[in-house]
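Please give a short report on the structure shown here.

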Amino acid sequence: MPYTADKPQPKESREQLRARIPGWGADLDPKDRPSYPREQPGIETGAHWDFPERQPESWPRELSIEHKFLTPVFGTSTPPSGFSGVMRKYAYKYSEGRAAHWLILLAADRVNAWESHLRSFTTLRPDNPVTETGVLSEFSGHGVGSRFGRKRADLSHQWLDPVVVGAPWVLAGAGAVAALRALRLRRRR
Amino acid sequence: MRAMVYRGPYKIRVEEKDIPKIEHPNDAIVRVSLAAICGSDLHLYHGMMPDTRVGMTFGHEFVGVVHEVGSSVQNLKVGDRVMVPFNIFCGSCYFCSRGLYSNCHNVNANATAVGGIYGYSHTCGGYDGGQSEFVRVPFADVGPSLIPEWMDEEDAVLLTDALATGYFGAQLGDITEGDTVAVFGAGPVGLFAAKSAWLMGAGRVIVVDHLEYRLEKARSFAHAETYNFREYDDIVVQLKKATDHFGADVVIDAVGAEADGSFLQHVSSSQLKLQGGSPVALNWAIDSVRKGGTVSVMGAYGPMFSAVKFGDAVNKGLTLRMNQCPVKRQWPRLFEHIRNGYLKPSDIVTHRIPLEHIAEGYHMFSAKLDNIIKPLIVPNAG
């Protein structure tokens, strides 16, 4: 079709589409669509308060500096602790508009993971990279057959996943071995 | 209680945790009977979402039975079977009172740019999620709904996010009769968006992915034409050819932060965390929609910057529409569609995994093993 004022027409008519697709056109009228218009002032929500009662604050809760006050309800999963907690509290000195806020939080996440791995070695249930990565499902989930001969785009980077997971463990192991060797050498002298 | 617990990127395990307590008079505690892993949970699992803390329980798609209610709860009682939308919302702030439940201003102390989401990092409020035996549900009079007697529990759990989000994505496209709608991503949200586009009168629905088994599902479940982008030098040119060099009227990005198709974009976001997400699918959407068309963004992205081709969006005069889905607002209409047989959400469920094996479930979903599309988590499979 040349570039004219016409819009390309679908190959199938309304009747054909209705016969082929269950429910075709049931929401054709925008007024039947629940998010039309986008804002519906006065929508019934079930709230029986103008402003909710306030949840007690059991520790100094991290708060975006873009908020006027602590929200009346907030999550209480995993309060900040350790050095990662210090980093996280510091990150909340920056607004959500600053890259520093997010980059410090991401760095704190990595520190938090290592704090937790190390702490786990002092418990009866140390971290186990085999069970916790679920990698054994490679056998039950047909790891080879699911990947190869299937034109998957993600194979170009999937090899990086075990590097991301395993490299810090390998480096930590190498560091521990190096430290032990250094200790032995010092004792021999 | 037993609960899934995050241990760091790519690592989770099941631990014994305390049963959550009522912390606010309008809280309820729900005993989870069925949960799901969402594609967006993988962004947490891969360590991409800032302030994802070790010890958190993920899971924003779940249904269950009310175990305990706070003193001000009027609409629910112990023993009720409930479905819980992934949004936590107060029902009374400026945004909620206009139906923008996903933008609630009263539930997320950690950020103002996003509302509250169960089990989705502290950036989304720091609430534990439902991949566990019990979960705290704030604003019990506002969020949860009773599961209708006639509704299958697997359909109900898919209504808490995936189906509602796909349907919402199609709505944001402002589809008119006869429109050509292209959907990037044949995961659960993409499949539901494609299916919903027909309900809104699309004349043609095209789905793009690189996983052939998912494209097969798009053909059988969503009646869509499909393209595997790995088979073409340039999927944008292919879509232009397929639309008489016009472009699709509406394009829906149902991929989000870990889009494939560019090694550099993927690695810089997923592995190196230098971007809020890999915008490959979003950029393809911008390039393959027609001038003056609409791009609906349903894929989840992190809060940091991403390398989006904004200039093309400006020059083409596009309408870009996006939001987290206000789930509960979609339910009455979606209940009708399910009851009328137009939608059968549980048709996309491929795996039912006991909570004790959730680490394997995450790995399979992340690595796309065993033709996985939608895994459900069963807390008390024994």
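The model described here is a predicted one.

H4(B) itself covers residues 188-199 of chain B. Its twelve residues should span 16 Å at 1.5 Å a residue, and its end C-alpha atoms are 17 Å apart, so the two values agree. The helix is mostly covered, with twelve of its twelve residues buried. Among them are B:Pro188, B:Val189, B:Gly190 and B:Leu191. B:Lys195, B:Ser196 and B:Trp198 are also buried in H4(B).

## Chain B as a whole

Chain B has eleven helices and 17 strands. Along the principal axes, its C-alpha atoms fill a box of roughly 60 × 45 × 40 Å. The radius of gyration of chain B is 20 Å. A compact globule of 382 residues would have a value near 21 Å, so chain B agrees with that expectation.

Of the 382 residues in chain B, 67% are buried. Among contacts in chain B between residues at least 6 apart in sequence, 72% join residues at least 24 apart.

## Strands that pair in chain B

Strand S4 of chain B covers residues 62-69, and strand S5 of chain B covers residues 81-84. The two run antiparallel and are joined by four bridges. In one of these pairings, B:Phe62 has B:Val84 of S5(B) as its bridge partner.

S5(B) also pairs with strand S9 of chain B, residues 145-146. This pairing is antiparallel and has two bridges. Here B:Val82 has B:Leu146 of S9(B) as its bridge partner.

## Where the chains meet

Chain A brings 84 residues into contact with 93 residues of chain B. Six helices of chain A each supply at least two residues of the side that touches chain B: H1 (14-20), H3 (99-120), H4 (129-133), H6 (143-147), H7 (155-158) and H8 (160-188). H3(A) gives the most to that side, with eight residues. By class, the side of chain A that touches chain B has 33 nonpolar, 31 polar and 20 charged residues.

B:Asn106 gives a local view of both chains. It sits in the loop between strand S6 (87-88) and strand S7 (116-117) of chain B. Neighbours within four places in sequence left aside, B:Asn106 is in contact with A:Pro52, A:Thr71, A:Pro72 and A:Val73, and with B:Cys90 and B:Cys93. B:Asn106 counts as buried because 25 other C-beta atoms lie within 10 Å, where 20 or more are needed. B:Asn106 and B:Ile252 are 146 residues apart in sequence, and their C-alpha atoms are 30 Å apart in space.

## One side of a helix in chain A

A:Ser84, A:Arg88 and A:Ala91 are buried in H2(A). They cover an arc of only 55 degrees around the axis, so they lie on the same side of H2(A). H3 of chain A is included in what covers the buried residues of H2(A).

## Backbone exceptions

Most residues other than glycine have a negative phi, and most peptide bonds are trans. Some places in this model depart from that pattern.

In chain A, the peptide bond from A:Tyr36 to A:Pro37 is cis, with omega near -10 degrees. A:Pro37 is found in the loop between H1 and helix H2 (82-91) of chain A.

In chain B, B:His223 is not a glycine, yet its phi is positive, at about 55 degrees. B:His223 is placed in the loop between helix H5 (212-222) and strand S12 (225-228) of chain B. B:His223 is partly exposed, with 18 other C-beta atoms within 10 Å. B:Asp244 is not a glycine either, and has a positive phi of about 60 degrees. The loop that holds B:Asp244 runs between helix H6 (235-242) and strand S13 (248-253) of chain B. B:Asp244 has 14 C-beta neighbours inside 10 Å, so it counts as partly exposed.

Terms used
Residues are numbered from 1 along each chain as its sequence is written. Chains are lettered from A and ligands numbered from 1 in the order in which they are written. This is a predicted model: local features need pLDDT of at least 70, side-chain atom pairs count only at pLDDT 80 or more; totals for chains, interfaces and linings use all residues. Two residues are in contact if their C-beta atoms, placed from the backbone, lie within 7 Å. Ala, Val, Leu, Ile, Met, Phe, Trp, Tyr, Cys and Pro count as nonpolar, Asp, Glu, Lys and Arg as charged, and the others, Gly among them, as polar. The radius of gyration is taken over C-alpha atoms; the globule rule is 2.2 Å times the number of residues to the power 0.38. Two strands pair if DSSP finds at least two bridges between them. The arc is that of the directions from the helix axis to the C-beta atoms. The expected span of a helix is 1.5 Å times one less than its number of residues.
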